[in-house]
Amino acid sequence: MKRVGCMLLALLLLLAATIPAVRAETPQYSGKSYCLIDAATGKTLLAHNEHEALAPASVTKIMTLLLIMEAIDNGQIGWNDPVTASEAAAAKGGSQVYLKVGETMCVEEMVKSITVSSANDCACAMAELLCGTESAFVERMNSRANELGMENTHFVNCTGLDDSPEASGHKTSAYDIALMSRELLTKHPDIKKYTTIWMDSVRNGAFGLSNTNKLVRFYPGCTGLKTGFTASAGYCLSASALRDGMELIAVVMGCETSADRFATCRQLLDYGFAGYALYTVDIPHTEGIPIKLGTKKSIVPVPEKEAQLLVPKSELSGITADITLLPELTAPIQKGSELGQVLVRSGDKELARISLIAPETVEKLGWFDLFRLIMSKMAMAA
């Protein structure tokens, strides 16, 4: 028996030697394209076919919501303003709250219906409120997309519906969706009051709303943002989440199933949160730089921009910030002029260069001021 046991052990060891070692593989993401960015810096962390123009379905409504929030924040409209449904709005198909012609809802309920239930009828009603017609609103959508640098985007409607011949030209990309998502989340954070709702209602509780974005309930820290689906576009999603002060945006387009889009965005967000951290550079105190012939004797430079960096967690230890300043200045000095730099490193690797600039303009002394200065120095020397 002992001999047989040894033979079996030898055979098992031989078989084990012929089996290839199992290696960790990069997670497999679904969809035709995807993109993961950091909301604070806009840095892309992971992407695939992110600039390919594809049908976005209802993810389109991120731009619709952006224009609505801009109108609210600049005072053009208010949350309690009434919105009356037109025939065009009431006739919208797909996801809706079944507005009736002439029915009135306030802006807040319209926004809630768009963000939570992807209501096409409410999106159209809001477009008409802001611009008179949906087509005029779409012109503004495309103009705003151009301003944001969305180079692979052309909107045809405010909903993402593709039930008309011209809708074949309604395209955007995963990266462009990330850009407009970032603009909405960072510039208009009040939208998160609605994009994080799981279940709610409108019409005084008579009509229930359930969020189409399941990550709102099942992904810790989820802040939104918008789902989309049509037969031609497939399942799409722009998902955002906030953890430890860092907000990430994951976009996927053209998934075969709804489960695929949620799984892909979950994996993308997990990848970002596991590997990266948002680091605020602690810029050392600087003394004022002397100014010759200026109305001020010195000036203290300030950072050109907020000193936040997205850094791999493996590089967090040993980060240093070294300052280089001009030794002396001669007036005049214009506000915004570069006066030095902060070089941020992790070990020998350069992470960033942050410009230090003049916070104000310093004028050159006039002739009378120069004369008075000379006479003062002469008096002191006497």
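Predicted model: local features only at pLDDT ≥ 70, side-chain atom pairs only at ≥ 80, totals over all residues.
Residues are numbered from 1 along each chain as its sequence is written, and side-chain values use heavy atoms, with hydrogens and water left out.

The protein chain contains eleven helices and 18 strands; these are DSSP runs numbered from the N terminus, with helices being H or I of at least four residues and strands E of at least two. Of the 382 residues, 45% are buried, where buried means under 20% relative accessible area, exposed over 50% and partly exposed in between, with a 1.4 Å probe and protein chains only. Among contacts (heavy atoms within 4.5 Å) with a separation of 6 or more, 64% are between residues 24 or more positions apart.

Helix 2 spans residues 61-73 and reaches 18 Å from its first C-alpha to its last, close to the 18 Å expected at 1.5 Å a residue; the expected span is 1.5 Å times one less than the number of residues. Twelve of the 13 residues in helix 2 are buried, including Lys 61, Glu 70 and Ile 72. The cover over these buried residues includes helix 4 (107-117), helix 5 (120-131), helix 6 (134-147) and helix 7 (174-187), together with strand 7 and strand 8 (234-243). Gly 75, which follows helix 2, has a positive phi near 85 degrees.

Strand 17 (residues 338-346) pairs with strand 15 (residues 319-325) in the antiparallel sense over seven bridges; two strands pair if DSSP finds at least two bridges between them. In this pairing, Thr 324 stands opposite Gln 341 of strand 17. Strand 17 also runs antiparallel to strand 18 (residues 349-357), to which eight bridges join it, and Ser 346 stands opposite Lys 349 of strand 18. Two residues lie between the strands of the hairpin formed by strand 17 and strand 18, and Gly 347 there takes a positive phi near 65 degrees.

The second largest pocket holds about 200 Å³ of space. Of its 15 lining residues, the closest to the centre are Ser 58, Ser 95, Ser 118, Gly 228 and Phe 229. A pocket is an open set of points on a 1 Å grid over the protein atoms alone where a 1.4 Å probe fits, with protein on both sides within 12 Å along at least five of seven lines, and lining residues have an atom within 4 Å of a point. Grid points are joined across faces, edges and corners, and the volume is the space filled by probe spheres set on them. Strand 7 (residues 222-230) gives the most to this lining, with five residues.
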